[in-house]
Amino acid sequence: MTDPLHPLHVVTDEVNRTEPWQWRRVLAVLDHCTARPFARRVLEQRRGAHRVLNADAFLAAYLVHAMFKSTLMHQTQITNTVRGWTPSQRHDVGLDPHTPITYKMITDAFEHVRRACESAAYPDWDAERFAQALLDASLWTQPPTGAFALDSTDIPTWGRLRFRRPAMDSDPDAPPPQNQSQHPLPDAPKGPDGRYIYTCDLDARVGWRSASQDETEFFCGYDAHVITDVAVEPASAPGHLQVPHVARSAVLAPAGTHKGDCGWRAVVALGDTPAPRELMADRAYNYTTASHFTIPLWRAGYTTVFDLHEQQRGRRPGPVAGTQWIDGTLYTTCLPEGLVYIAPLSSDPTVRDNMRTEERERIERLHQLRAAYAFTPHGVRQPDGRHRFRGPAVTHPKIRSPRAPRSMREDFRKPTVYCTDGKTCGCAITVTLYDTDEPNTRMPFQHGTIAWADSYHRRVGIESVFSDLKANRLHLTRGGIRGFGLTRYSLMLGFALAAMNLLILRDWHAKRERLDPWGALLGEPPPPTPHRDRHPATGRRSARANNRRTTVRPDR
């Protein structure tokens, strides 16, 4: 790989060699990429001399380069990658083996595609759809699981901040960040959206992020909203099957843009998905206005699993008399006061695992006691958003109540309530809920229980994708992409995520001594089974050997 510290636009004499397995997979992706005809129309249908770097070579160059470990999406390095192709590889994409490829050819082809994505001459294509076509092609052999995790990560712009103390003018519908300080408004120009522009990148904006080491809480650039596949069953379920965490869809937007709108666009980009159609997302998405994210998800047939912000927890009046909302679950008002406020289990698996077993069991026991007073679904959700819930003393009662005489014939060990003092109680009624009733907190599980924690913990799959994007495989941090503009960053991100999907699939299956789906499609031989010593150096046999007594002859 070339040195990332080289000055801008300087192309060295080094070349990047493409491995045969990388090349075969890239060519297979091009065969299934719906953006390929669009790239051919842009780059090859022109007057005058034919372009040396054709559409296939352009797509292959950017995809292959992103497959190199610890690579940067610099066009100088992409030029070195094309120069490292063998004559047969050049022939596969229609390049003359003896024609030199220059940096200007690489940048000129990219600029033509970028301008075409912004042009009204191609109304069916833009940078977001082009990037999604690359992701769909990279996962053509990997069907979706039906359970997904959504989150966003920061993609800083290459531009330098030119104003001190930038004001946080991000989406006001987002949860308030911690330790937010108020600074005077900067003397910076505003863009068409009314937000400040702090760099030469006119599309980049300032937003918040979860700062890691040597990072600030705010950054200037873009938010990448990515959806990945997760297991259908939690890890604690008997039928749990592990799945590779790949980037299924992605949407890039200026930092601080409405999380709900961007998240919904990422869900729409998934297209038709199989059952069970579950989506895990953190509190940045369910804290927004429900009409932007949660309600469209429900109407599309998805089941949501969220974490709750501190301001979303607590007790609120229910939709009818005798009911109450507690942490997104509907309860009857005859719930004992001692079960109203219960500390939830943390969504952080590290914190949850560090809890003492007795403390974790005590919290779960309290949640199970409170679950007996909760309303349960009575039928399925209707297309118009109606969903009936029955009280805890109605059919299959969980508590005994005089308002439901049949429940009094249940086992006496079930909780018994005496709500005959004239107060309104909902333990024996059926309630019809609509999509507008607490949409951002309602879930199939009680928040804070082990069932909720196990299901929500599947969201860590998206963190694995971001780790591969920024550290483990690629380095898309500040300076990883050079240039300005939302379209440019969206296209580069699409190439990077598509190539990363190919690497993840191959490595995930190789770790399990299996052939990845692309390898099976291409007819590659299965990976060799490693030889395992029947008696390894460490283990039970070596322990017995170490304890064996040594007999010493008396004459020696």
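## Arginine 370 and its surroundings

The side chain of arginine 370 makes a polar contact with the side chain of tyrosine 331, at 3.3 Å. The model is predicted. Arginine 370 sits in helix α12, which spans residues 357–371. Its relative accessibility is 1%. Buried means under 20%, so arginine 370 counts as buried.

What does arginine 370 touch, leaving out residues up to four places away in sequence? The list is Ile326, Asp327, Tyr331, Leu335, Leu339, Val340, Ile342 and Gln446.

## Helix α3

Helix α3 covers residues 55–65 and is mostly covered, with 11 of its 11 residues buried. Among them are Phe58, Leu59, Tyr62 and Leu63.

At the start of α3, asparagine 54 places a side-chain oxygen within 3.4 Å of the backbone nitrogen of aspartate 56.

The cover over the buried residues of α3 includes these helices:

| Helix | Residues |
|---|---|
| α1 | 20–31 |
| α2 | 36–44 |
| α4 | 75–83 |
| α6 | 103–118 |
| α7 | 127–138 |
| α15 | 486–511 |

## The whole protein

The protein has 17 helices and 12 strands. Of its 556 residues, 51% are buried. Among contacts with a separation of 6 or more, 70% join residues 24 or more positions apart. The accessible surface is about 27700 Å². Carbon and sulfur atoms hold 52% of that surface.

Key
Residues are numbered from 1 along each chain as its sequence is written. This is a predicted model: local features need pLDDT of at least 70, side-chain atom pairs count only at pLDDT 80 or more; totals for chains, interfaces and linings use all residues. Side-chain values use heavy atoms; hydrogens and water are left out. Helices (H or I, at least four residues) and strands (E, at least two) are DSSP runs, numbered from the N terminus. Buried means under 20% relative accessible area, exposed over 50%, partly exposed in between (1.4 Å probe, protein chains only). A polar contact is a pair of N or O atoms within 3.5 Å; within protein, one must be able to donate a hydrogen and the other to accept it, and residues adjacent in sequence count only if both atoms are side-chain atoms. Contact means heavy atoms within 4.5 Å. Accessible areas come from the Shrake-Rupley method with a 1.4 Å probe; for residues, only the protein chains shown count as cover.
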